[in-house]
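Thanks, everyone. Let me put the model on the screen, and then we go through it piece by piece.

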Amino acid sequence: MKEQLAETKQQLSEAIREKELREQEQRKCNGSKDQRIMLISELKVEIDRDKKMELEHKERLAQYKSSHFVQERLNQLDSSIQREKDQLHGQRQEMGQLEEELVRLEQAQDWSVRQMESLDFFRVKGVQAFTLSELVELDASAHLKWEERFDAIKYTIFFDGMMTEPPNDLYHVPLRKVVPDRSITELPDLHVKVKEGLEEEWVPYAMKALWWIEQFFIDGMFQTRHGVLIDPMGIRGSQEKGRYILSERALRLRKEKLTQQIDDLKRRSEELRERIGQSTQEYQTLSSMIQRVRESEAFMTKEYERTERIRKFDDENVRVLELKDRIQQLEQERIRYNEEEVRLSRLEQELQVESDFYVQLGQLKDKYEALNESKRHLNDLKAQLEKLEIQLEQAEERLNRLGRERKKKERELGDVRDLKEQQERNLNQMSKQLENTIDNRNVAQQERISSIQEIEEVKQLIPDIYNEVVATHTSNLAESSLSKRTISELRQGREKGKIEFDYARQEQGIDPAAPENYRVVQEEYERLQNEYNRTKVLFEEDQIRTDELKNALETTINMRVLEIRQRFSSYMSLFQFEGEIDWESYEDRKQRTHFNLFIKARKEGHRGALEDVSVKARGGKVGKGVSGGEESLSSLLFALALLQNLQTAPGFIVLDEFDSALDEQRKLKVFDLYVHELERKLIILTPKSHEPSYLERFYKAYIVHHDPTVPRSKVTGIVRRG
C-alpha cells in the first residue's frame, strides 16, 4: 500500500510540473499577444491619423501652395499696410488742420499761423489784441478781388498798448499811438467799414483801424497800390498766402470748400481703413497659417515613415495570429494535464484514507480508556464544586447579618454621643447665665446707690423741680407707663437728664427772652416741617411715577431685547453657533442711568461658557473663545436682528467692508441672509468685489480704479442684466 501511494505521489508531481510549465508558457504568450495587440491598436490609430492628416495637408498645400509663397504675400501685405497707415495718418493730420480752420471760420476767426502766434503772445502778457478782420470788413457792394489791394496790410495785428517786441514779422500796430483826426465808421471809396455786430467796447478800436487803413491810400511817403506797400526804403508784397478774409461772402465760400475737403478726406480715410482692415485680417490669417503650411510640407516629406508603419502593422497582425494558435495548443495540453492531476489527486486521497484508517485503528483503544478515566475525574470535581458553592452562600448570609447588626450599634452609639454633647452645652450655657446675672446684680446695686446720692443732691439744690418730678413720676406709676420701659431705656433717660441738669447748672448769661425766641423758632420750625411734609408727599408721588416709568421702560427693553435675542439666536444657529443677548442698567456717581448690552456667542457643542464678544467694543479686550472673524460674524448678525426690530424702515442700508474678516463661504451666506431678511436696497463698500461669484450677486456695481501716479481715480459702472 505504501509503495503504491509513493508511486502515485511521484506521478502527481510530474503532472503538476508539466502543467505549470504549460501555464507559464501560456502566460508569456498571452502577455506577448496583449502587447502586440496594443501595438497594433496604436499603429492603427497612427495610420488612420496619417491618412486624415495627409488629406488635410494636401488640401492646405493646394490652397496656399508653399510656405515661401505665403511669406512673400505676408511681406507684400506688411508693406501695403504700413504705406496705407502712413497715408491715413497724413490724411488725419490734414483733416485736423482743416477742421480747426473750419472751427475758426465758424467763430469768425480766420487767422493765419503767425496771427495766432501773435494773439497768444499778447494773451500771455494780458494785453488785448485784435486782427484786422475782427475790426473791419468789406461792404456788400465790394467785389472779392477788391480785397487784393489790402494784401500788404490785411494780416496786421492791433494791440492796446504803446510799444512791444513782436514775436514775428507781421504788422503790429499800437492802438494808443493811433490818433484819428475825425470819427469814421466806413470808407466808401475803399468799400471798407466797421464790422457789423461788433461789441460796443471794440468800436473805438475798429474806428482807429479804419483811419489807419485810410492813411495808406493818401498820396504821401507810405501808400498801398494794387496790394503792394510802397515806402521810401522799398516795396513789400502780401504778408501771407492769397486768401480773402475781409468779405463775409468769401468766408462763406471758404467754409463750403473746407466742408467739401473734409468730407472727401473722411471718405478716403474710411476707404483706407477698410483696406487696412482687410489687409490686416489677411495678414493675421496668413501669419497663423504659415506655420501650419510648414508643418504640411514637413509632413509630406515623411512618406517613408508612414509606409514603414503600414508594413509593421501587417507584420504584427501575422505574429498575433501565430501566438493565438500557440495559446490554443497550450490550453489543450493544460486541460489534459489538469485532468491527469485530478485523477491522480483522487487516487492519492483514496490511498491516504486507507493508510490513515489502519494507523488510527491502533490508537483508538488507548484513547477510549483515557476518556473513561477523565469522565470519572470530572464527576468527582463537579460534586466538590457544588458542596463549596453551598458553603459560600451560607458564609455570605452570616456576613450580611453581622454587617447589619454592626451598623445598628454604630447608630445607637452616635445618638448617645450627640445627647451627651447637647447636655454639656446646656450646662455650660446655664453656668454663664448665672455668672452674668450675679455681675449685673452687683452693677445694678452700685448704680442704685449712686442714683440715690444724686437724687438727694437734686432735692437739696432744686426742691421745686424735685417735687414736680416726684409728682409726675407718681402719676406715671399710677398709669403703669414706666413698667413698659426697659432697663436700658431707663438708664439712657437717666444719663440724658443728668447731662442736661449739669449743663443747665453750669450755664451763665441766660437770655430772659429765651422762651419767646424759642416760641418763634418753634413756629418757624413747624412751618418748615409742614412745607417739608408737603414736599415729601410730592417727592414720594414723583418717586412712584418714576418707578412706574422705570418699570415700563424695563418691560419695554426686556420685550425688545427678547425679540432681538430670538432673531439673533436663529441667525446664529444657521452658522452652527449659539447666541444670546443680555442687558443691565447702573447709576454713576452723578446719579445718571447707563445701559449696557451684552452680545454673547459660543460654538455649538462647545462646553465652555458663552463668550461676551461685546467687551471688545467697551474695554478693548479680545475674546478668547471665538476668533476675530467669528466676532465680526456675531456683530453682523446682531445688526441684522436690530434692523429687523427698528420702528422705522430705511429705504437702503450701507455696509462698509462688512466682509473684511469673513471667509468666502460665510461672506456669501451673510450677504444672501441680509438680502432675504431686509428686502431693501443694500449699498456694499468692499474691496472683495473682484471675485466673479460674489460680483454676480449685485444688480449694479461701481469699481474704483486708482492710479497712484495720477491724482485722479476712475469709476467704472457695471449693470447686470436679467
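**Salt bridges, a sheet and the whole chain**

E531 is partly exposed, at 37% relative accessibility. By that I mean between the two cut-offs: buried is under 20% relative accessible area and exposed is over 50%, with a 1.4 Å probe and protein chains only. R527 is also partly exposed, at 42%. These two side chains form a salt bridge, 3.6 Å from N to O. The term needs a side-chain nitrogen of Lys or Arg within 4 Å of a carboxyl oxygen of Asp or Glu. Both residues sit in helix α10, residues 514–573, four residues apart, about one turn of the helix.

A word on the source. This is a predicted model, in which local features need pLDDT of at least 70 and side-chain atom pairs count only at pLDDT 80 or more, while totals for chains, interfaces and linings use all residues. Residues are numbered from 1 along each chain as its sequence is written, and side-chain values use heavy atoms, with hydrogens and water left out.

Back to the pairs. The structure holds 24 salt bridges. Take E316 and R36, with their closest N and O atoms 2.8 Å apart. E316 lies in helix α7 (303–461) and R36 in helix α1 (2–64), so this pair ties together parts 280 residues apart in sequence. E316 counts as buried, at 10%. R36 is partly exposed, at 26%.

Next, R176 and D160, at 3.0 Å between the closest N and O atoms. R176 is in the loop between β4 and β5, and D160 in the loop between β3 and β4. D160 is partly exposed, at 22%. D181, R182 and E214 are linked in a network of salt bridges.

Now the sheet. What is the strand order? It is β1-β3-β4, an open sheet with mixed pairing. Strands here are DSSP runs of E, at least two residues; helices are runs of H or I, at least four; both are numbered from the N terminus. Strands pair if DSSP finds at least two bridges between them. β1 (129–131) and β4 (172–174) are the edges, each with a single partner strand, so one side of each has no neighbour in the sheet. β3, residues 157–159, pairs with β4 in the parallel sense over three bridges. There, H172 in β4 is the bridge partner of I157.

Finally, the whole chain. It has 14 helices and 16 strands. Of its 722 residues, 26% are buried.
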